Amino acid sequence: MQRHIHFIAAALLALASAAHAQTATDTANAPLYQALGEKPGITVLMDDFVDRLKANARIGKMFDDIKPAYLKEQLTDQICELSGGPCKYEGEEMKKSHEKLGIDKSQFNLLVEILQKTLDAHNIPFTTQNQLLAKLAPMHREIITAH
Ligand code: HEM
């Protein structure tokens with residue numbers, strides 16, 4: 001399990017450092033949206049994901065000030081849109097919403113591990129997981145502000 005997580009973290013960083021500009025919406029990518037169970041599936045995933053984040057001993061407290069229902073809704077729209085679904089993310093920009101939090105690489109990787117565990121728990125196939133993580137990885141540039 002640990003090896004698996006390390007592989008993902010390494011893969012994420014590799015993907016993140018490949019300097020390919022990526023637009024938020026990719027309509028050629030609709031299979032990813034389907035593989036995640038479309039909007040109802042993504043809603044269930046984000047519900048569980050945010051609960052797991054809040055329950056985490058290391059980063060859970062960071063989420064005390066944001067309404068869980070709001071965060072779940074924003075994450076659902078964001079992942080729906082970037083997986084090729086018919087949603088429009090209307091939340092804060094990633095830089096703005098994270099810059100005051102002083103997030104470091106290990107916290108970012110921990111969130112990714114928690115997301116992976118969530119996807120595993122809902123039997124999302126490994127290839128689908130990697131496709132989603134590849135979409136999220138470049139966001140580390142906006143989110144990580146501490147070293
Ligand atoms: C790819 C990774 C991430 C994504 C896609 C993501 C996405 C989001 C979204 C959509 C919001 C809501 C923005 C809004 O207010 O409209 C948010 C807020 C937040 N995120 Fe992240 N996030 C990521 C990484 C992280 C990490 C690593 C942490 C901390 C360890 C974190 C902590 C928070 C917190 C505390 C808020 C609430 C900020 C506030 O009070 O307004 N996020 N994130």
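User: Where does Lys 72 sit, and why is Lys 72 called buried or exposed?

Analyst: Lys 72 is in helix α4 of this predicted model. Buried means under 20% relative accessible area, exposed means over 50%, and partly exposed is in between (1.4 Å probe, protein chains only). Lys 72 has 16% relative accessibility, so it counts as buried.

User: What makes the pair Lys 72 and Asp 47 a polar contact?

Analyst: Their side chains are joined at 2.6 Å. A polar contact is a pair of N or O atoms within 3.5 Å; within protein, one must be able to donate a hydrogen and the other to accept it, and residues adjacent in sequence count only if both atoms are side-chain atoms. Leaving aside residues up to four places away in sequence, Lys 72 touches Met 46, Asp 47, Val 50 and Asp 51, where contact means heavy atoms within 4.5 Å.

User: Which residues come nearest to the ligand?

Analyst: Of the 23 residues around the ligand, the nearest are Met 62, Phe 63, Tyr 70, Glu 92 and His 98; a residue is near a molecule or strand if one of its heavy atoms lies within 4 Å of it.

User: What atoms bring Tyr 70, Glu 92 and His 98 up to the ligand?

Analyst: For Tyr 70, a side-chain N or O atom is 2.5 Å from an oxygen atom of the ligand. Glu 92 uses a backbone N or O atom, 2.8 Å from a ligand oxygen. In His 98, a side-chain N or O atom is 2.8 Å from a nitrogen atom of the ligand. Two or more residues of the shell come from each of α4 (68-82), α5 (94-98) and α6 (105-121). Helix α4 gives the most, with five residues.

User: What elements does the chain have?

Analyst: The chain has eight helices and zero strands. Helices (H or I, at least four residues) and strands (E, at least two) are DSSP runs, numbered from the N terminus.

User: What makes Glu 38 and Asn 123 worth a look?

Analyst: Each has a positive phi in a residue other than glycine: near 55 degrees for Glu 38 and near 60 degrees for Asn 123. Glu 38 lies in helix α3 (residues 38-55), and its 34% relative accessible area makes it partly exposed. Asn 123 belongs to the loop between α6 and α7 (126-136); at 67% relative accessibility, it counts as exposed.

User: Why is Leu 111 called partly exposed, and what does Leu 111 touch?

Analyst: Leu 111, in helix α6, has a relative accessible area of 28%, so it is partly exposed. Not counting residues up to four places away in sequence, Leu 111 touches Phe 49, Leu 53, Ile 59 and Phe 63.

Conventions
Residues are numbered from 1 along each chain as its sequence is written. This is a predicted model: local features need pLDDT of at least 70, side-chain atom pairs count only at pLDDT 80 or more; totals for chains, interfaces and linings use all residues. Side-chain values use heavy atoms; hydrogens and water are left out.
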